[in-house]
Amino acid sequence: MATERIPMSREGYEKLKADLDRMQNVEMMELAKRVAAARELGDLRENAEYHAAREAHGMLQARVDLHKDKLARAYIMDRPSTLSDCVIFGVCARVKDLDMNEEEVYQLVGPGEEDYDKNKILTSSPIGQGLLGKKCGEVVEIRVPRGVLRYEILEIMLP
């Protein structure tokens with residue numbers, strides 16, 4: 001796993017922690033019951049339900065490990081109470097897509113708070129990384145999987 005620290009708000013940290021608790025204490029127990037019930041059905045070599053339950057268990061364990069890693073590397077960031085002259089964790093940036101001639105407002109957040117339908121993006125995402133540290137009026141080019149986005153930063157606001 002990576003070793004760099006992950007900025008998070010207190011709310012994002014608590015949400016990830018609650019998610020981890022639910023996975024470990026509810027979902028893991030349900031899967032254990034599914035595996036036990038499937039095991040009772042007979043020959044494990046040809047028991048599709050058993051293999052499906054074991055695979056689901058492995059995938060859940062991977063998600064648990066990922067949450068534990070994020071929480072272990074988290075450092076709590078306070079939301080900014082005053083505006084900065086550049087884009088930082090927790091602020092909203094109103095940008096203009098220079099190719100599509102459309103405006104968007106992105107809020108830069110940490111893990112556990114991302115909501116792409118509401119334009120709450122991770123600081124570690126390509127767009128988040130491209131906007132961090134930039135000032136109003138700057139034009140940024142951000143490489144994303146579908147090509148290059150060109151944004152002009154129009155305004156930096158508190159959420």
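**Walking through the model**

Author: Thr-3 lies in the segment before strand E1 (6-8); helices (H or I, at least four residues) and strands (E, at least two) are DSSP runs, numbered from the N terminus. This is a predicted model, where local features need pLDDT of at least 70, side-chain atom pairs count only at pLDDT 80 or more, and totals for chains, interfaces and linings use all residues. Residues are numbered from 1 along each chain as its sequence is written, and side-chain values use heavy atoms, with hydrogens and water left out.

Reader: OK, is Thr-3 buried or exposed?

Author: Thr-3 counts as exposed, because its relative accessibility is 71%. Buried means under 20% relative accessible area, exposed over 50%, and partly exposed in between (1.4 Å probe, protein chains only).

Reader: Switching to another threonine: where is Thr-123?

Author: Thr-123 sits in the loop between strand E5 (120-122) and H3. Thr-123 is buried because its relative accessible area is 9%.

Reader: What does Thr-123 touch?

Author: Leaving out residues up to four places away in sequence, Thr-123 touches Pro-7, Phe-89, Leu-108, Val-109, Gly-128, Gln-129 and Leu-132. Contact here means heavy atoms within 4.5 Å.

Reader: Let's zoom out. How many helices and strands are there?

Author: The protein chain has three helices and seven strands. Along the sequence the pattern reads β-α-α-β-β-β-β-α-β-β.

Reader: What about the overall dimensions?

Author: The C-alpha trace spans about 70 × 35 × 25 Å along its principal axes. The radius of gyration is 21 Å, while a compact globule of 159 residues would have one near 15 Å. That radius is taken over C-alpha atoms, and the globule rule is 2.2 Å times the number of residues to the power 0.38.

Reader: How much of the chain is buried?

Author: Buried residues make up 35% of the 159 residues.

Reader: Now the core. Which residues in the largest nonpolar core touch the most other members?

Author: Val-87, Val-95, Tyr-106, Ile-127, Leu-131, Ile-142 and Tyr-151 do, out of 16 residues in that core. At least two core residues come from each of strand E3 (92-97), strand E4 (102-109), helix H3 (126-131), strand E6 (139-144) and strand E7 (147-157). E7 gives the largest share, four residues. A nonpolar core is a set of buried Ala, Val, Leu, Ile, Met, Phe, Trp, Tyr and Cys residues joined through side-chain atoms within 4.5 Å.

Reader: Which residues does Tyr-151 touch?

Author: Not counting residues up to four places away in sequence, its contacts include Val-95, Tyr-106, Ile-127, Leu-131, Val-139 and Ile-142, as well as Lys-96, Asp-97 and Glu-138. There is also a second, separate core of eleven residues, with Met-23, Met-28, Val-64 and Ala-74 among them.

Reader: Last topic, backbone angles. What's the phi of Asn-101?

Author: Asn-101 has a positive phi of about 55°, though it is not a glycine. Most residues other than glycine have a negative phi. Asn-101 lies in the loop between E3 and E4, and it counts as exposed because its relative accessibility is 56%.

Reader: And what about Asn-119?

Author: Asn-119, not a glycine either, has a positive phi of about 60°. Asn-119 is in the loop between E4 and E5.
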